[in-house]
Amino acid sequence: MIALESLTVRFGGLVALDTVSASFTAPVSGIIGPNGAGKTTTMNVISGFLTSAGSVTVDGTDLMRLAPHQRSRWGLRRSFQREQIADDLTVEENLWAIADNLSGSRAEKRANIATALEFTGITAIRTKPGAALNTFERRLCDLARCITGDPRLIMLDEPAGGLTVEETARLGGLIGAIPGLGRAQVLVIDHDVDLIQRICAETLVLDFGRRIAFGPTAAVLADPAVKAAYLGIEVEHA
Amino acid sequence: MRDIARNLALWAGLVTVLALALGHDKPLNVLGLFIVSGLAVGSLYALGGIGLVVLYRATGVLNLAAGAIGAVAVMVAWQLVQWGVVAPLAWALGLAFGPILATAYGRGIAPRMAWREPVVKAVASLGFAFVLLGLVSFLWSDDPRKFELPTDKAAVVILGLRVTVTRLLVVAAAILLVIGISAALDRTRVGLQMRALANNRRLSSLIGIPITRVETLAWALSGLLFGFTGLMFGDLVRLEPAVITFLVIPCVAAAIAGRLQSLPDVLMGGLAMGVIESLLTLSDTFKSVRPIAPFVIAALVLLLMSRGRRLTFAGED
Amino acid sequence: MQITRSGLVGLILAALAILVLPMLAGGQWLKIFTSTTAFALAAMGAGFMYARLGMVSLAQVGLMGIGGWVTLRLNHAFNLPFEANLLIGAAMTSVLGMILALPALRMRGLYLALITLMVAGGLEIIFTAYQFPNGGDGFWGVGTSFSATMRRPFLGQTDAGFLRYALVVALLGFLLIEGHRRSASGRAWALIRRSEAAALASGVNVTLYKTWAFGLSGLLAGLGGGVLAGSLGLLDASTFRASESVLLFALVVVGGARFWLGAVITAVLYRVAPGLLNNWGVDADLALVFFGAALLHAVITAPDGLAGQIFGLFSKEAAHDRA
């Protein structure tokens, strides 16, 4: 379980997150909201890039006690809005870059990397240099990096950015299959509501840094307050 | 405002402590002379620093060719005087090279790197500095020269100290320019646009700020400051192109004192650096390394700036 | 461990140089080549740091001065072999460099460049004020007219032998960097270059790796300074001015920070070109103009420098050719 408790982040006078709380129990959960709602900020708090009031507890571990670079060893993985593949390295070396910082023997790591490559279907291009990859391959490589080792929490920030409809569908299928690999829970931010509906059992909706809805995805998407936030429709007052 | 007052107290306090420590056994008017001379050089560090900061904020370029531009300006001015051109005209023409060179770089070369990181843009400006320094060194021989202003001979007496008018001018110029530029940034339309550009470049272009026009103004203004600083360095320090070119380093120190953003802090830091450097002449142990003062102070400012910063993200500013 | 094509060429050339160059070169040229090798070491240090991590050091020649200073001082104070003086000098340069750079390593890249500029300025003043050890007494080791001998290594007593020794040191320095690059360090560096946030999210201790990269760069500078000390026996403050550090970095970019060939080109341009131009009647000041223009060109259109363009002629994969 991922328990976010009263997360509050201020940048000077701007309140980016306002006492956001939610407990995610589903294997794959979503975070949605209009631009600037605080979705990426939430992930940045969990990653440790921002200081926040409140707490982040995952399966009993208080993440805020760990330095940002230590959370990876604990089992946190993250992808960003822009894919972060090192051009200088091959696909395989990009996965080694994260495996280097995990525990385990070299043989174990090699096996983990092979599994990750296999799962995302990029074993064939594993010696291709990062600079030569296309957008879809980069996204897949990012995803492979996220599932290397035995992660506990994988955060994907707009993983389908820049992909076609088919590629998005394929990626969605992969993401949905991640919980089956091990113990990982997945959090997904995306603007593609269809994708979220398809793969996320629970969804948190943010607007202006506040939680405006949380629960089973279908119910959340039907919530009038959520529709108002997205579409600007006036919520009728009873 | 409160921050400025607090920083002023800190800088003034530091300088006072050092003045007492180093000069308590010296006659007051000797101490005063060192302080005045330090204020003058410090003003030049500050002026250079102000030019650097204004330009950096508006364009993202930390122009390390500032000193070289100043060197060209003062050498042209000197040469014109040698050729018999009426002095004020010679100075004005020399000074004009400041904005001309800066804007030429800013409109001609800098845009080709507009999308690169600030570090890369700063490194590129070194290329410009070497081109200018090479040209100046080539065109003028290595002989010793003097650049003089009539104000060097005139002096006023302030608090019992004899202060040359040149020095007075330079300090006054620094103070007035900081006030003037700060006011302009605060109150004029162009100033607002410049601040917007400094804050977020991409957003500024989206909301219709005429980027090229604002940037050109920043290049021209900074070029003018660099030219003026060059002329004054030539008068107060030494008329040697290589020396003046690398006086950009203490100007960078002053810019750092202002955290690359606050003009009043650049002024205070620059003045303090100049004075402390000057006061160190009074110390037997430190007098041979006194020019190191600006660098040590800048390093300490950076140390303070980095405390409490857990993380850093390279790339987007 | 696979060797790339350009790496193979490099190793062969290095072997040739080590074996043949000291025999072919004569007189003045032996010392010039040795200096060039020393600056190539420093260029390698500044180069890999810029190419792999985007970190700019404008103090590299100044740091060489520290290495040279320590090597000389130890030589005059104790009876240790040259290797010890050299390595201790390099180690101290490395540590001092890391300490000086540390505040800026947690801030934006520009600040590191600026603090190294401050360090370069500061070192120039210190060297000018206190000069280099020449066998005198006291901490600074400067006497009025001494010129105590600089003991060279056992395997490099003559100028030719010392050139060979210097070339071996340069090769070892290169292999040290290459070894890092191919291991976890190199992968961490590549991630940091791409995005420090992504590196952190991948478990990389960014500050540690950046600090150590700077330390490695300083180590090579220190080795270069020690080699200079061994070659010349006495060092002069004017060699280590701030302007020299800035010029060397400019030439690192021009030569091609990414490649071993780049470091060689840098050192040749820096050390040999001005003298050659003088011999040919061209004013050395114009060399400065050319260097400045070359830097602007390199930044705008040829980020891999001259070496990159040369390698590009031989292989369409030059961008990924990593040696």
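How are α3(B) and α5(B) oriented to each other: roughly parallel or roughly perpendicular? The points below take up that question and then the rest of this predicted model.

1. Helix pair α3/α5 in chain B. Helix α3 (residues 66-82) and helix α5 (residues 118-139) of chain B pack with their axes 8 Å apart, at an angle of about 25 degrees. Angles under 35 degrees count as roughly parallel, and α3(B) and α5(B) are therefore roughly parallel to each other. The crossing of α3(B) past α5(B) is left-handed. On the α3(B) side the contact is made by B:A68, B:I69, B:A71, B:V72 and B:M75, and on the α5(B) side by B:A129, B:L132, B:L133 and B:V136. By class, the residues of this contact of α3(B) with α5(B) are 9 nonpolar, no polar and no charged.

2. Interface of chains B and C. Here 47 residues of chain B are in contact with 41 residues of chain C. On the side of chain B that touches chain C, at least two residues each come from α5, α10 (241-246), α11 (248-257) and α13 (293-306) of chain B. Of the elements, α5(B) gives the most to that side, with 17 residues. The side of chain B that touches chain C divides into 36 nonpolar, 7 polar and 4 charged residues.

3. Domains of chain B. Chain B is divided into domain 1 (52-245) and domain 2 (247-305). Taken over C-alpha atoms, the centres of domain 1 and domain 2 of chain B are separated by 19 Å. Their contact takes 16 residues from domain 1 of chain B and 12 residues from domain 2 of chain B. Two or more residues of the domain 1 side come from each of α2 (28-59), α3, α6 (165-187) and α10 of chain B. The largest share of the side of domain 1 that touches domain 2 in chain B comes from α6(B), with 5 residues. That side of domain 1 of chain B has 12 nonpolar, 3 polar and 1 charged residues.

4. Strand β1 (residues 155-158) and strand β2 (residues 161-164) of chain B pair in the antiparallel sense, over 4 bridges. Within this pairing B:V156 has B:V163 as its bridge partner in β2(B), and B:I158 stands opposite B:L161 in β2(B). The two strands, β1(B) and β2(B), form a hairpin with 2 residues between them, and B:L159 in the turn has a positive phi of about 50 degrees.

5. Helix pair α2/α6 in chain C. Helix α2 (residues 28-53) and helix α6 (residues 159-181) of chain C pack at an angle of about 10 degrees, their axes 8 Å apart. This angle makes α2(C) roughly parallel to α6(C). Among the residues making the contact are C:F33, C:L41 and C:F48 of α2(C) and C:F162, C:L163 and C:F174 of α6(C). The residues of the contact of α2(C) with α6(C) comprise 16 nonpolar, 3 polar and 4 charged.

6. Four-stranded sheet in chain A. An open sheet of 4 strands in chain A has the order β2-β1-β4-β5, with antiparallel pairing. Its edge strands are β2 (14-24) and β5 (61-62) of chain A, each pairing on one side only. Strand β1 (residues 2-11) and strand β4 (residues 53-58) of chain A run antiparallel and are joined by 5 bridges. One of the bridge pairs links A:A3 with A:T57 in β4(A).

7. Six-stranded sheet in chain A. Another open sheet in chain A is formed by 6 strands in the order β6-β7-β8-β3-β9-β10, and the pairing is mixed. At the edges stand β6 (76-79) and β10 (210-216) of chain A, each with a single partner strand, so one side of each has no neighbour in the sheet. On average, neighbouring strands of this sheet are turned by 15 degrees against each other, direction ignored. Strand β3 (residues 28-32) and strand β9 (residues 202-207) of chain A pair in the parallel sense over 4 bridges, and A:G30 stands opposite A:T203 in β9(A).

8. Helix α5 (residues 135-147) of chain A lies across β6 and β7 (153-157) of chain A. The direction of α5(A) is at about 170 degrees to β6(A).

How values were computed:
Residues are numbered from 1 along each chain as its sequence is written. Chains are lettered from A and ligands numbered from 1 in the order in which they are written. This is a predicted model: local features need pLDDT of at least 70, side-chain atom pairs count only at pLDDT 80 or more; totals for chains, interfaces and linings use all residues. Two strands pair if DSSP finds at least two bridges between them. Axes are lines fitted to C-alpha atoms, for helices over the stretch in contact, and angles run from 0 to 180 degrees between N-to-C directions. Angles under 35 degrees count as roughly parallel, over 145 as roughly antiparallel, 65 to 115 as roughly perpendicular and the rest as oblique. A crossing is left-handed if the near helix is turned anticlockwise from the far one by less than a right angle, and right-handed if clockwise. Two residues are in contact if their C-beta atoms, placed from the backbone, lie within 7 Å. Ala, Val, Leu, Ile, Met, Phe, Trp, Tyr, Cys and Pro count as nonpolar, Asp, Glu, Lys and Arg as charged, and the others, Gly among them, as polar. Domain bounds come from an automatic or database domain assignment.
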